Amino acid sequence: MRTLLLHSPSAGDDGPSQDDLLEIFRQAGCEPFSCAVNGTDFSDVLCRPADLVVAVGGDGTVTRVLTHLPDRSIPVAIVPQGTANNIADALGIAGDPAEIAAALGNMVPRPFDIGFAKGPWGHHRFIEAVGMGLLARAMAEVDEAGVAGEEQIRTSRETFRQKVAEGASEHLKAIVDGRTLEGDFLVFEVMNIGQTGPDLTLAPDADPGDGLLDVVHMPADRRAEMLEWLDGGPDVAMPPLDVIRGREVEIVWAGKSLRLGDNFSPAPGVVGRVSIGLEPEQVRILVPASAARGAAADKPGRTP
């Protein structure tokens, strides 16, 4: 099985070397070849014939692989080696490279949506979410400060909590499949998976393969509830957020920050329009059979 290993040399603290990865997948019966996701030959290597693509790294690496894959019929395996690993967690994927390589024969493909956002900057694909409001502002500040690793998660959560306590809301108008949602919001995230940013589960029921986006929002009058949830620990209870699901989201907005996955853009300065949706062709991600069964039992498939 021709196996393309796409890895991030900087992911994780003690991750395997490129040679180690090649040997691990050889022992699992693969015929591997590899490339760094930040390599100059990344795009060319992606176009080489392969039976399997393996993304080794954190959410940034997985996002880069999934959004640049030219042939979405090729299954993708994820080896989580980052800090938050939101995408792998959302799919029930865990384990070190040797464990995942050995389990490839027992994994099954699960359809996975690729999101897009269009605005004044152009067209951008995303995997996790498009965010506006206080979480986007907090993450932008931490990103600009260059904080990384576990410290990035801790600092992002602390900064987010501070902004929820003190920050001003943003007014926006969103149209979700023809339904209008307008008001002053502290948090507004259009999510493809349930987790985002500093390992926060904001949409616990999100299914990245159902052809729907989860529009997660918190009006300004629920500030106290959000602070209580953050102080109690994000894994303790459901977050105090409202959710609307839809295929197409149109937003009219003039806020202070905009998060497109792991990228941050300044406010356009005037009222701008952001169009968010899902591309018609899904990717296929290999997941443990137990995770695939759980998703099938909990969620309906993509409707025509």
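The model is a predicted one. N85 sits in the loop that runs between β4 (76–80) and α4 (86–90). Its phi is positive, about 55°, although N85 is not a glycine. With a relative accessibility of 13%, N85 counts as buried, because the cut-off for that class is under 20%.

D199 also has a positive phi, about 60°, and is not a glycine. This residue belongs to the loop between β11 (195–196) and β12 (200–201). A relative accessibility of 28% puts D199 in the partly exposed class.

## Salt bridges

The structure contains 15 salt bridges. One of them pairs the side chains of R125 and E279, with an N to O distance of 2.7 Å. R125 is part of strand β7 (residues 122–126), while E279 is in the loop between β18 (272–278) and β19 (283–288), so the bridge ties together parts that lie 154 residues apart in sequence. R125 is partly exposed, its relative accessible area being 36%. E279, by contrast, is buried at 11% relative accessibility.

A salt bridge also joins E141 to K163, and their closest N and O atoms are 2.7 Å apart. This pair links two helices, with E141 in α6 (residues 134–145) and K163 in α7 (residues 149–166), 22 residues apart. E141 has 42% relative accessibility and counts as partly exposed, whereas K163, with a relative accessible area of 17%, is buried.

R245 and D214 form a further salt bridge, in which the closest N and O atoms are separated by 3.2 Å. Here the link is between strands: R245 lies in β14 (residues 242–246) and D214 in β13 (residues 213–219), 31 residues apart. R245 is partly exposed at 33% relative accessibility, and D214 is buried at 1%.

## The network around E279

R72, R125 and E279 belong to one network, joined by salt bridges that share partners. E279 is located in the loop between β18 and β19. Its side chain makes a polar contact of 2.6 Å with the side chain of R72. At a relative accessible area of 11%, E279 is classed as buried.

Helix α3 (residues 59–68) is mostly covered, since 7 of its 10 residues are buried. Those buried residues are D59, T61, V62, T63, V65, L66 and T67.

F42 is in helix α2 (residues 42–46) and is buried, with 1% relative accessibility. Leaving out residues up to four places away in sequence, F42 touches L6, C35, A36, V37, R64, V65 and H68. F42 and H68 are separated by 26 residues in sequence, and their C-alpha atoms lie 9.6 Å apart in space.

## S156 in helix α7

S156 is placed in helix α7. It is buried, at 6% relative accessibility. A polar atom of the S156 side chain lies 2.7 Å from the backbone oxygen of Q152. An α-helix has 3.6 residues a turn, so residues three or four places apart point the same way.

Which residues does S156 touch, not counting residues up to four places away in sequence? They are A138, V142 and P198.

The largest cavity holds about 30 Å³ of space. Its lining is formed by T63, F126, I127, E128, G261 and D262. By class, the lining residues divide into 2 nonpolar, 2 polar and 2 charged.

Key
Residues numbered from 1 in each chain as written. Predicted model: local features only at pLDDT ≥ 70, side-chain atom pairs only at ≥ 80, totals over all residues. Heavy atoms only, no water. Buried < 20%, exposed > 50% of the residue type's maximum accessible area, 1.4 Å probe, protein only. Helix = DSSP H or I, 4+ residues; strand = E, 2+ residues; numbered from the N terminus. Salt bridge = Lys/Arg side-chain N within 4 Å of Asp/Glu carboxyl O. Polar contact = N/O pair within 3.5 Å; in protein donor to acceptor, adjacent residues only side chain to side chain. Contact = heavy atoms within 4.5 Å. 1 Å grid on protein atoms, 1.4 Å probe; cavity = no way out; pocket = protein on both sides within 12 Å on 5 of 7 lines; lining within 4 Å. Points joined across faces, edges and corners; volume = space filled by probe spheres on them. Nonpolar A, V, L, I, M, F, W, Y, C, P; charged D, E, K, R; others polar.
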